[in-house]
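This briefing goes through one protein model, topic by topic. Please keep the sequence and the 3D view open while reading.

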Amino acid sequence: MPDELTTTQRRFRAAMANLSTAVNIVTTDGVSGRAGITVSAVCSVTDTPPTLLVCVNQSSYTHDIFRTNGRMAINVLAPQHKDLALQFAGATDVPMLDRFRFEVWDHDRFRIPVVRDAAAVLIGEVGAEFTQGTHTVLFVEVEDVFVNEDAGGLAYFRREFHRIAP
């Protein structure tokens, strides 16, 4: 990517800032270790079979960990998870493994870290992947789902977090 953005790239980024999205922390654990990142690029693909897509930047050190482990949890965040989202976005100095030491995590239920009080958690295996530009699109075939009916949501709009009431 050149140092200077084109006019189209700048306008594209501005337009995407106006696309409100759910805030998720995608986690994995396995042969390549434990890792997680904050991701807004998560989308339902189909319910037959239940499949999501998750976009991961190839420059992220977690990229190859997700691909090698092949199993992940998509933690749909609730309003109280703003600080956690910032940690997993790399906006703090908290090292990766220390991010998983907080009480909010359940490490045992799915053999992968999940946020205990998330709005929803979807567990699955990477069934396919596709590379486009700087990102890899991982198609995650969902095998287990947890929904917290009492939780609200955490959205990202105009480069800020917003709480959504239940």
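R34 has a relative accessible area of 28%, so R34 counts as partly exposed. The model is a predicted one. In this model R34 forms a salt bridge with D29, and the closest N and O atoms are 3.0 Å apart. D29 is partly exposed too, with a relative accessible area of 25%.

**Salt bridges**

- The structure holds 6 salt bridges, and the pair of R34 and D29 is one of them.
- Side chains of opposite charge can pair when their charged atoms come close.
- A salt bridge also joins R67 to D64, with 3.8 Å between the closest N and O atoms.
- Both R67 and D64 belong to helix α2, where they are 3 residues apart, or about one turn of the helix.
- An α-helix has 3.6 residues a turn, so residues three or four places apart point the same way.
- R67 is partly exposed at 38% relative accessibility, and D64 is partly exposed with a relative accessible area of 45%.
- D64 and R67 are also linked with E129 in a network of salt bridges.
- Another salt bridge is formed by the side chains of R71 and E125, at 3.6 Å from N to O.
- Because R71 lies in strand β6 and E125 in strand β9, this pair ties together parts that are 54 residues apart in sequence.
- Is R71 buried or exposed? R71 is buried, since its relative accessible area is 13% and the cut-off for buried is under 20%.
- E125, the partner of R71, counts as partly exposed at 34% relative accessibility.

**Helix α2 and its surroundings**

- Helix α2 covers residues 62-69, and its buried residues are T62, H63, I65, F66 and N69.
- Which elements do the buried residues of α2 pack against? They pack against the strands β2 (24-28), β3 (35-39), β5 (50-57), β6 (71-76) and β10 (135-147), and against helix α4 (96-99).
- H63 sits in helix α2 and counts as buried at 7% relative accessibility.
- Leaving out residues up to four places away in sequence, H63 touches V56, N57, Q58 and T136.
- Just after α2 comes G70, which takes a positive phi of about 75°.

**H135 in strand β10**

- H135 is found in strand β10 and is partly exposed, with a relative accessible area of 28%.
- How far apart in space are H135 and V56? Their C-alpha atoms are 5.4 Å apart, although the two residues are 79 residues apart in sequence.

**Nonpolar cores**

- The largest nonpolar core has 19 residues. Those with the most contacts inside it are L77, L84, F88, W105, V114, V115 and I123.
- The elements that give two or more residues to this core are α3 (82-88), β8 (114-115) and β9 (120-132).
- The largest share of this core comes from α3, which gives 3 residues.
- Another core, of 13 residues, lies apart from it, and L52, V54, L122 and V140 are among its members.
- F88, one of the residues with the most contacts inside the largest core, touches I25, G36, I37, T38, M96, R99, F100 and W105, with residues up to four places away in sequence left out.

- F12, M16 and L19 make a nonpolar surface patch of about 310 Å².
- M16 is placed in helix α1, which covers residues 7-17.
- With 39% relative accessibility, M16 counts as partly exposed.

**Annotated domain**

- An unreviewed UniProt entry carries the annotation "domain: Flavin reductase like" for residues 16-163.
- In the model, the end C-alpha atoms of residues 16-163 lie 19 Å apart.
- This span is 14% helix and 48% strand.

Note on methods. Residues numbered from 1 in each chain as written. Predicted model: local features only at pLDDT ≥ 70, side-chain atom pairs only at ≥ 80, totals over all residues. Heavy atoms only, no water. Patch = residues over 30% accessible without salt bridge, like charges linked within 9 Å, V, L, I, M, F, W, Y side chains within 5 Å. Areas by Shrake-Rupley, 256 points an atom, 1.4 Å probe, with all protein chains shown as cover. Salt bridge = Lys/Arg side-chain N within 4 Å of Asp/Glu carboxyl O. Helix = DSSP H or I, 4+ residues; strand = E, 2+ residues; numbered from the N terminus. Buried < 20%, exposed > 50% of the residue type's maximum accessible area, 1.4 Å probe, protein only. Core = buried A, V, L, I, M, F, W, Y, C linked by side-chain atoms within 4.5 Å. Contact = heavy atoms within 4.5 Å. UniProt positions renumbered as here; feature names shortened; annotations may be inferred.
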